[in-house]
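Let's read this structure together, one feature at a time. Have the sequence and the 3D view at hand.

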Amino acid sequence: MYTNNLIDAYKEHMNFIQYKQVAHELGISVQMLTEIRKGRAFLKENLALMIAEKIGEEKEAVLIGLAADKAKTPQEQALWANIAKKFNGLGYTGISMAYLGFAVAKDSISEPMNSMSQCVLSILC
């Protein structure tokens, strides 16, 4: 998930050792950070943009990554993958690759190489 990569980049950038340091710095509880990292809750856009500014990430890329993480249906996921692909020409390859990895891993758990994986792969390749 893109959000986990963003949080990990922030943790590394700030030279934090524990995620509770990240939670404290972001002003959220450790439990909330755990829920976000497990995909049961989502990082608020304002916090994501603050992280982007601190680590030097493109703010547009961060918002696209958050939206992709929130996508629930295969159609939504494919559309966000397509949007991320369009930004590849602008230097946003990390979004597509992170999302591709997430989509393929998610699908391979339930059904190896099902239609969602094939769709994402055809869009990104």
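Q: How far apart are the closest N and O atoms in the salt bridge of R40 with E35?

A: In general, side chains of opposite charge can pair when their charged atoms come close. The term salt bridge is used here for a side-chain nitrogen of Lys or Arg within 4 Å of a carboxyl oxygen of Asp or Glu. R40 and E35 form one, with 2.9 Å between the closest N and O atoms. Before going further, please note that this is a predicted model, in which local features need pLDDT of at least 70 and side-chain atom pairs count only at pLDDT 80 or more, while totals for chains, interfaces and linings use all residues. Residues are numbered from 1 along each chain as its sequence is written, and side-chain values use heavy atoms, with hydrogens and water left out.

Q: Are R40 and E35 exposed or partly exposed?

A: Relative accessible area decides this: buried is under 20%, exposed is over 50%, and partly exposed is in between (1.4 Å probe, protein chains only). R40 is exposed at 53%, whereas E35 is partly exposed at 28%.

Q: How many salt bridges does a search of the whole structure find?

A: The search finds 4. Another one of them joins K70 to E45, where the closest N and O atoms are 2.9 Å apart. K70 lies in helix 5 (residues 59–70) and E45 in helix 4 (residues 45–55), so this pair ties together parts that are 25 residues apart in sequence. Helices here are DSSP runs of H or I with at least four residues, and strands are runs of E with at least two, numbered from the N terminus. K70 is partly exposed at 29% relative accessibility, and E45 is partly exposed at 36%. K59 and E53 also meet in a salt bridge, at 3.3 Å from N to O. Of these two, K59 is partly exposed at 38% and E53 is exposed at 59%.

Q: What is the distance between the ring centres of Y10 and F16, and what is the angle of their planes?

A: A pair of aromatic rings is described by the distance of the centres and the angle of the planes. Rings of Phe, Tyr and Trp (its six-membered ring) pair if their centres lie within 6.5 Å; planes under 30 degrees apart are stacked, over 60 edge-to-face, and the rest tilted. The whole structure holds 1 aromatic pair. The centres of Y10 and F16 are 6.3 Å apart and their planes stand at 75°, so the pair is edge-to-face. Both Y10 and F16 are buried.

Q: Which residues of helix 5 are buried?

A: They are A61, V62, I64, G65, L66, A67, A68 and D69.

Q: What is the phi of N15, and where does N15 lie?

A: Most residues other than glycine have a negative phi. N15 has a positive phi of about 60° although it is not a glycine. N15 lies in the loop between helix 1 (2–13) and helix 2 (19–26), and is exposed at 66%.

Q: How many helices and strands does the protein have?

A: The protein has 8 helices and 0 strands. Of its 125 residues, 38% count as buried.
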